[in-house]
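Thanks for coming, everyone. Please have a look at the model on the screen, and then I'll walk you through it.

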Number of protein chains: 4
Amino acid sequence: MPRPRLRQMERAYGFDEVALVPGDVTINPDQTNIEFAVGNHTLSIPILASAMDAIVDPAFAIRLNMLGGLAVLNLEGVQTRYEDPGEILDQIARTAEKKVTALLQKIYSEPIKEKLVSQRVGAIKEAGAICAVSVTPASTKRLAPIAKDAGMDILVVQSTVTTARHISKSYRGLILPELCQQMSVPLIVGNCCSYSAALELMRTGIDGILVGVGPGAACTTREVIGVGVPQITATLNCAAAREAYLKESGKYVSVITDGGIRTGGDLCKAFAAGADAVMIGSPLAQATEAPGKGYHWGMSHSHPALPRGTRIKVGTTAPLERILFGPTSATNGTQNLVGALRTGMGVCSARTIKEMHKVKMVIAPSIRTEGKYFQAIQNAP
Amino acid sequence: MPRPRLRQMERAYGFDEVALVPGDVTINPDQTNIEFAVGNHTLSIPILASAMDAIVDPAFAIRLNMLGGLAVLNLEGVQTRYEDPGEILDQIARTAEKKVTALLQKIYSEPIKEKLVSQRVGAIKEAGAICAVSVTPASTKRLAPIAKDAGMDILVVQSTVTTARHISKSYRGLILPELCQQMSVPLIVGNCCSYSAALELMRTGIDGILVGVGPGAACTTREVIGVGVPQITATLNCAAAREAYLKESGKYVSVITDGGIRTGGDLCKAFAAGADAVMIGSPLAQATEAPGKGYHWGMSHSHPALPRGTRIKVGTTAPLERILFGPTSATNGTQNLVGALRTGMGVCSARTIKEMHKVKMVIAPSIRTEGKYFQAIQNAP
Amino acid sequence: MPRPRLRQMERAYGFDEVALVPGDVTINPDQTNIEFAVGNHTLSIPILASAMDAIVDPAFAIRLNMLGGLAVLNLEGVQTRYEDPGEILDQIARTAEKKVTALLQKIYSEPIKEKLVSQRVGAIKEAGAICAVSVTPASTKRLAPIAKDAGMDILVVQSTVTTARHISKSYRGLILPELCQQMSVPLIVGNCCSYSAALELMRTGIDGILVGVGPGAACTTREVIGVGVPQITATLNCAAAREAYLKESGKYVSVITDGGIRTGGDLCKAFAAGADAVMIGSPLAQATEAPGKGYHWGMSHSHPALPRGTRIKVGTTAPLERILFGPTSATNGTQNLVGALRTGMGVCSARTIKEMHKVKMVIAPSIRTEGKYFQAIQNAP
Amino acid sequence: MPRPRLRQMERAYGFDEVALVPGDVTINPDQTNIEFAVGNHTLSIPILASAMDAIVDPAFAIRLNMLGGLAVLNLEGVQTRYEDPGEILDQIARTAEKKVTALLQKIYSEPIKEKLVSQRVGAIKEAGAICAVSVTPASTKRLAPIAKDAGMDILVVQSTVTTARHISKSYRGLILPELCQQMSVPLIVGNCCSYSAALELMRTGIDGILVGVGPGAACTTREVIGVGVPQITATLNCAAAREAYLKESGKYVSVITDGGIRTGGDLCKAFAAGADAVMIGSPLAQATEAPGKGYHWGMSHSHPALPRGTRIKVGTTAPLERILFGPTSATNGTQNLVGALRTGMGVCSARTIKEMHKVKMVIAPSIRTEGKYFQAIQNAP
């Protein structure tokens, strides 16, 4: 009997499975350039804060922009549903593990107030900071114009998976090319993780894409619906789409790896895989300034019928400035992320992020366990 | 010395090793069609309950069919051995781990009563539900006609491994083509996991095959006899046989992935690998309506000489309706399985189960660990 | 710069990484033939007991042979060093983990008594059992003739690694072809794990080879000197050598997989990989009749300068007959090993061990975790 | 849409993922030659002690050289910063885990005293031992001449990653060819892990390279900056560079695998991968003579802004002589490292280190778990 030809499946890789190979020239960290440009804004560090309630409120957005990065305010979270979100955030932090999903489902059923949308955007702009906000595709038509009027600088349209085409019987999907024309601000869309979806999104005229389905620390999309591509492969895919689109159109669309980055090591690997910037959640949720008070949860966590997230305790470890620039006594890679990026680039002979895109990676799943094995063998008989 | 040519071994994949890739179009979950047809019966949801005593009794079968699915009643379990199976099931739930295998061996040595076979089938039919029952190959000739007379609608012939040919000195094996002719009800046979065995079974005239040897949560076949093929590869194999047989005969035989599905993610992956329906055990054993009272055990567990199963405590977590359709506060994928399937299909651009068969999968073993790593690294020095 | 061509390394597989694929015909277990012939002796079951002090003493050898298998008595263990080995074995069982290696080093420094060699062999022969004994290459010339005179039937020459050629300045290596001529009893030699070493050993005229370097439960050779080949690949290698040698010489040399088998599943896989028989340690150390009293240790454990073993507590679980033939209530594969083999063969369409050699295997490392995952996910938030 | 061609990533292997295959001839351990030559010095054992404060002080260096090996004294550690380093080392050993990184950062901010450099080198030379010292590239010009004047025999220039070219705005990089000319002592440089970087370093005229970025037990470089290549692949890469350079220049540059070796097994594998010698840390930190008093920490641990290390408790287990030559009762491979190397070579048919370079390795990640699985399955229900 002839053997059947089964569907071919490619291997996809995550952060823990690869490692960077040092280059042939060493570059001093202070010689590296890590700027990130989006529209006519240039950030001195290529780090965005996730549009999650545990991480970004107006004060955090202002602080991070002062330090060179960019926070994205979620326009569908507690900040726009409650006059006093601090109280709500306190409640989340105080609630026991078992009851927190039900609580979140209740909290996020409170309607969004348009007035609060204007107020939150206004607060950020008054402080002179760049204001980036996120909306889901279904709410974009309603909320984006309000934010625009209030001074919003960058618009992020984000859901678990966003594609250029959407089929629904209940509402007319968001037409991205129309949105690009209407808005006249840089538009970042996500998330996606494949070459074809990324390329199709780029062709709608957007300025950046968010890469990552399922990898975040507070996300359980993989358990719930089986969907997800590990971040190294997802970033390689989308970076390949960026190069293809650049060739066909002359336009460079930024690739932003979003989710799953926990350490400086992960962050360096995201850039090596092709990211122009990264969007991070849990590492920033540990900042003294984070509104989550040492907790972190996903924004799909509160879905009324199919919650896909988990709340994790991250603790409050250091001020934001120390998490980004050190100095630090933490040796596990969770602090001085910018120093780690510059050091990693120097060791890998990369003067710029674009040179970092060409750094050699190896598949090396064992690499993390080697150092930790010692103590295990010590305890063996 | 020339290197020997060793036997080639192919790599087989399980649920945890693959992930689904989102498609290029997003479809609203309510736009998806997930019907499953077997013979002239059409189920609104493609979910069968395993023919196991911890899951299916007549009341459960009636309830699940009302909700759109189909339960298979095991005609060789406690329901047909005992007038009052509830008492026996209580006893199993109350017995300590160490003694439960011996107890099960004793319980299942009680003879099957033909009168009870008729009664149990009758009870399901009286309630107006579709009645599916399972028998082992050795008991088919004796029990199937009784069930048929009592109104049984669908016959499942099931053992750990069932093939079209069987060699025995003690009895004449079951001749499947004869059985198909005699019964005039849809016939589902299993389990199998390879292309050739599935194709050979299909050629006997059956209507569906059960895919899966060794994967179930309550099964230790792999430890005991080393046999088993992980479910993604097993389903791909049998789906390939279905396509080959469709081409040669024009008949579409249903492929039903049976065993090892614990979450909505696993369930979505089974369909992406080629399943027309799934048969699930442990997720339904958690239902309030499940006769196992929070416990689950395999039907080979009670083999008198070579028990191949384990009893696991699954707990009672929610009514069956909530496990199938939500809403839920569980974020680990064990509830709202239908919602998960529709959402997964929507994200993967699949409007129908047949479109779901073509969804792209990647090999991504790391995907589950990424999210869980965070807390581990937090605790490191 | 051109990429260097690195040495190619092949992938080697162990028991946990493969699984057997059911065949297209099912055969009743009682229709299978599992005889094993060595010289003019035929065993009704293809199971040898390891030449280890925790497993084999004369009484155990007699009992196992009565049950159809064959135990190998180690002529360099406590049985030939002490008049009353029971007392010594008691002492080992009573000694704490931390002190046991030093104790073993002391115990095994007691000289071997030639008189005891004769007595132990004599005891087995008096009971009418087949007597197989093992010696290390360095002691063969001294001890084998004594055992021969006392009636020994089968000679096993065994060390961690034994090759046809040995280079030493202190003594003239054992010349296997000479030994084969002198002894006129079947000769089994080991251990080895590669095609070329096995083929070279076969060409010396021996009757069987023991396959396995480093896999045993009580062996730490891999930690200590880095040497070892997992058992599936090692058995495939040596079985390929057997076929090559059969073709070149017409003689069939038995391949005996020795070490690392803990369950019926492992045992079935060893035969599928090409074994004619298996030699097992830890599963038999659990027998009521085992001299180790619930403990098991390797024979390299007592090396005075470089001990390569560990003592493990296996417990005493059942009489030898039950471990081999059941019935049992253990569901983890450690009892009814013969039933497991016959059942596995039946499911895989193999009537004989030689047909079992052709059974299809897949690489399936995930297979063991699937069943165990359920409880883990249950405990997750 | 055409599939994009993603960057190719090679698989890299670590110690735990490979195993050595026994050869076809067995050689008695006492017939093996394991000498290592560097410049005109010949060591009787190919083992170097890492230039780390927990391992090497002058007394340790003298002792190890007496035993046949070579210790490298770090000229930028506590020995040259403090008159009485013993007191400082006591303080490190007494400090709690959480506070030790901050303490180390403070300790290593004390300036290096040139007088102490001379004194420490002098102490080693007075005892008649070979004196090897290490400096970082940035301090080489200042410290190397002082050590040279004091009698230093071998110079090691070492940092996490060292390349032949270095770009900095603040200082002129170290020019290795100039250094080679000036010093007139054997020069060892590292660390590196790729073929091209190793080859480029060799072309500067050095005598040896240290192989290994990220693998050490006390190193967290992989977490912090994502950089590292597992040691088997790194050693294979650099050994390939050695052969290429030998062919182009006629000069044999030694390859020294540095870091990640915890057992005799790892050590044997390093040589099989191509090492001429090994540099080890944690196994020697356990010696009674080690200045770390049972603790071990990395030299990047004290980086003021981006510490990349961890302090681990290794315990004090045996005198150095026993760790190197046994006899031992430890069965986990951490003692009698030289015996393990000679035994491993004998089993693999290698009379010399150069023959060991050709030993066959297999990829065998499962090999370690097989032996340990037994107890796990025992505890299962």
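Let's start with chain A. Of its 381 residues, 63% count as buried. A residue is buried if 20 or more other C-beta atoms, placed from the backbone, lie within 10 Å of its own; with 12 or fewer it is exposed, and in between it is partly exposed.

A word on the source. This is a predicted model: local features need pLDDT of at least 70, side-chain atom pairs count only at pLDDT 80 or more, and totals for chains, interfaces and linings use all residues. Residues are numbered from 1 along each chain as its sequence is written, while chains are lettered from A and ligands numbered from 1 in the order in which they are written.

Back to chain A. It has 16 helices and 17 strands. Both are DSSP runs, numbered from the N terminus: helices are H or I with at least four residues, strands are E with at least two. The radius of gyration of chain A is 21 Å, close to the 21 Å from the globule rule for 381 residues, so chain A is as compact as a globular protein of that length. That radius is taken over C-alpha atoms, and the rule is 2.2 Å times the number of residues to the power 0.38. Along the principal axes, the C-alpha atoms of chain A fill a box of roughly 60 × 55 × 50 Å.

Now the copies. How does chain D superpose on chain A? A rotation of 90° does it, with 0.1 Å of shift along the axis and an RMSD of 0.0 Å. That is the relation of a four-fold axis. In chain D, the C-alpha nearest the axis belongs to D:P365, 7.8 Å away.

Next, where D meets A. Chain D gives 61 residues to the contact, and chain A gives 54 residues. Two residues are in contact if their C-beta atoms, placed from the backbone, lie within 7 Å. On the side of chain D that touches chain A, α9(D) gives the most, with four residues. Only 5% of the interface residues of chain D are also interface residues in chain A, so the copies meet through different surfaces.

One last detail. Strand β3 of chain A, residues 25-27, pairs with β10(D) in the parallel sense over three bridges. Pairing takes at least two bridges found by DSSP. In β10(D), D:H166 is the bridge partner of A:T26.

Note on methods. Least-squares fit on C-alpha atoms with pLDDT ≥ 70 in both.
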